[in-house]
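The entry is shown first, and the notes follow it.

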Amino acid sequence: MKKSATRQNGAIQLILVAVIISLAISAFIWFRDTGTSSRPVSSLPPVSQRTNPEPTNPNRITVSEVAPGSTVIVEEVELEQDGYIVVKKDDETGAALGKSTLLSAGRHTGVRISTKELADGDVIFIVLQSKAGQLVTDANENSIAVVKNVGMAMGHYDPSEY
Amino acid sequence: MTFLVKNDNTVFYFLFIGFMHRRKSARRKTSRRSTFNHLVHIRYIIIGGVILAALAILANTNYFRGNSHNLAQATTNTTFTLSSDNTFVNEDDTNFQTSGDRWLGNGQSRDKSYLGLLVSGETIPQGAHIEKAELKFTQPNTEWIGIAIKIKAEDSSVPENYSSSSRPSSRNLLSVNNSYSDNVKWEAGQTYSYDVTSVVQEYVNKYDANKISLLIKGTGGSWSRKYIYKGSEKPRLEIQYTVQNGSNPSTQPSTNPLVSPSATPSLTPTATPKPSVTPSPTPNASVSPTPMASVMTTPPTGGSGAIFGVVGIDTLGTCSAQVHDKYVTTGPDGKLYRTWHPVKDPSGCTFAHEHGDDPATSTIFAGTVPFGYVAAQLDPPMDEPHVGFKCFVHNKGQKNDEGSAMLHDTYFCFHMGTGGPARFTARFHSLDFHMTSASGYKLNVQGMADIGNVGTICNNPRQRRTVQGFGCLLDSPYEIWEDVLQIRNKGSVVASAIVSTAVFDPITSMDPADLSRTVYTWSDEAQQKIFKFNDPRNNYRGCNREAYSGPVNWYNRGASQTYYTDPYGNVVDGGVLKQEISAINTSQNTGYVNQFSGLTMTYKGSEIMTQFKYHKSACVSGLGIKN
């Protein structure tokens, strides 16, 4: 009697364990799916893999953010010949707001350019200029320029716009 | 019930304890306490199993998903009607009318014309959520005249019947109003509706409602009115609302962002049949709708599960926010964005805004365009008004009204609305541009396009963003922007996509002295300070457009076809926008090349054109003044 009771008890336990395991698997899948759906999945590659080729043109300029004020910091500039960095208003042919000292051919970093007061939302073109005062262009006759919106990206829309 | 919270580990705790007891008991086979241990572990296992079973059931019923509370809701539809003559009146300055024909809009008086509607029905408990409230008119005669109105509710728990000593103009009003301006034909026997959801919601937030006094003030010119009753069917208010069961409605403030009592939406006409939008054949009213703050359908958060970008309910027309929220797509960042949709939803409702051509009609359609994605990548993210996204499809072989045929395939969606003044100061607008040349070269780029400075056509030099503005007398209201998106790698242009977008019927005009002012094109002020001709313009909805594809240039010979940039098109490692640019130069022999000035897009006779122009109106009835 004792033996058969023990076997019966064991069978019940086995069934219970099987049921619980299956339930646990279901719960795991459910929790996993729930977790996945709440996380946006980017179709872009990871940031570290988003790399770019170097431009072929030997004249290069890199500027990150430009804050309101009277200084533009050029992170890095490479010049094939001696020249200047010029900050222009609105477009590459606009009024000059500031100009670097004469830079020798080669690579320079952290170049600070004093400018007229730049206000939040101003649009500036940071261009390269030859020693003779000509815009430096590439083989396609496009000027080497970086366009920047000063300060915050731009005025955000008022709710009445919607 | 805390164990029902998502990701709660209590279930696993019970299972773990159960199994630990089981393992311990196995090690203690000889123990005199084994029977007790069996009982303990079976108990824990059973508890764990029961919880898991409950979880599985709840999961299947979507119990957790999308609900922050577990209160059931009952939806009720009800209709409030007019009971007597004294509940349905017109007021026109000193005149007060409780019988005969009734009208909507303005009588002789421009500032004291009212339609008063005191409607009654079953009691809607205070705090109920108004899903939808529509004021419906069954038209006695076919009429076609522009009207402008503002609808508010009276601030009274028991509004009295109107009388000559208690006129609509004398009533105290709540703050929310719905404003409409339209110039469409209403057909005899058809029913037309105005959405008054937020007005009714404000009332129900404050009072139990079995009587609501709606005051509809004419805000247009003298005699800009429609007769809405000539002894036949009276207006009615149809309401759909929900009351949370298990809660005391009177203590539940509305949590629906649609119906914030502090907001004052400006709504658009919602004619349900199909009146056509063409100039009114009847005397025209010069209507000057008042711009008002909109109520948002979605908080501007974006992110997981939420749709990026807010949408004013005054742009939704006869559709609900839920219907509009169907039109979403996943952006490259994995978040949800709104996207193109037809003006008329298959359910039958009509939106009060349009997005132009369906990008899916492009022969090179590369996937749904996520509206607002580019500006969302700015830091901080910017939310460009949804209604401004306009799409243009130019397929190869498509002929324009000059008989010129497009040589390549392009489609693009650009942000250009004319319903507000922000465009006079916002210099960068998002552009999502796709092109495949006849030779198979690709240019799929996106970014904040530079549209230059603003000015009128009278400005010298002319600016890239030419609008109509005070001080420049014109025959034409034409507004055109040149939208330039250049991908630059450390200053060198890799590719350049330029499009021009134009409207023949801008909704607003510019006051150069105050660029933040909203000046409607049909306003008296605009008529006096801009237009030589005094023709009616109150049907302008910014929907009659033309666009130019090009000039387009590649400067990418032999280089990578993929770049990552910031939102302005500057190539940066780790950039948030992916650009696809074929590794060619337009100065190569690519088939149709006009060196340096851009790829040849079409021929006008024998003349090489680097732009392909295409005029197409997207105007339909029901469009609002934010489009």
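In this predicted model, pLDDT stays under 50 over residues 246-295 of chain B. For that stretch the model has 167 contacts beyond four places in sequence.

**Confidence**
- Residues 299-305 of chain B also keep a pLDDT under 50, and the model has 14 contacts beyond four places in sequence for them.
- Averaged over chain B, pLDDT is 80, and 76% of the residues score at least 70.
- The scores for the model are pTM 0.62 and ipTM 0.79.

**Helix H3 of chain B**
- Helix H3 of chain B spans residues 197-206 and is largely enclosed by the rest of the structure, because nine of its 10 residues are buried.
- The buried residues in H3(B) include Thr197(B), Val199(B), Val200(B), Tyr203(B) and Val204(B).
- Ser198(B), Gln201(B), Glu202(B) and Asn205(B) are buried in H3(B) as well.

**Thr518 of chain B**
- Thr518(B) sits in the loop that lies between strand E26 (508-509) and strand E27 (519-520) of chain B.
- Thr518(B) counts as buried because it has 21 C-beta neighbours inside 10 Å, where the cut-off for buried is 20 or more.
- Ala422(B) is 96 residues from Thr518(B) in sequence, with a C-alpha to C-alpha distance of 9.0 Å.

**Chain A**
- Chain A has one helix and seven strands, in the order α-β-β-β-β-β-β-β from the N terminus on.
- Chain A has 162 residues, of which 31% count as buried.
- Among the contacts in chain A with a separation of 6 or more, 59% are between residues 24 or more positions apart.

Methods
Residues are numbered from 1 along each chain as its sequence is written. Chains are lettered from A and ligands numbered from 1 in the order in which they are written. This is a predicted model: local features need pLDDT of at least 70, side-chain atom pairs count only at pLDDT 80 or more; totals for chains, interfaces and linings use all residues. pLDDT is the predictor's confidence in each residue, from 0 to 100. Two residues are in contact if their C-beta atoms, placed from the backbone, lie within 7 Å. A residue is buried if 20 or more other C-beta atoms lie within 10 Å of its own, exposed if 12 or fewer, and partly exposed in between; C-beta atoms are placed from the backbone. Helices (H or I, at least four residues) and strands (E, at least two) are DSSP runs, numbered from the N terminus.
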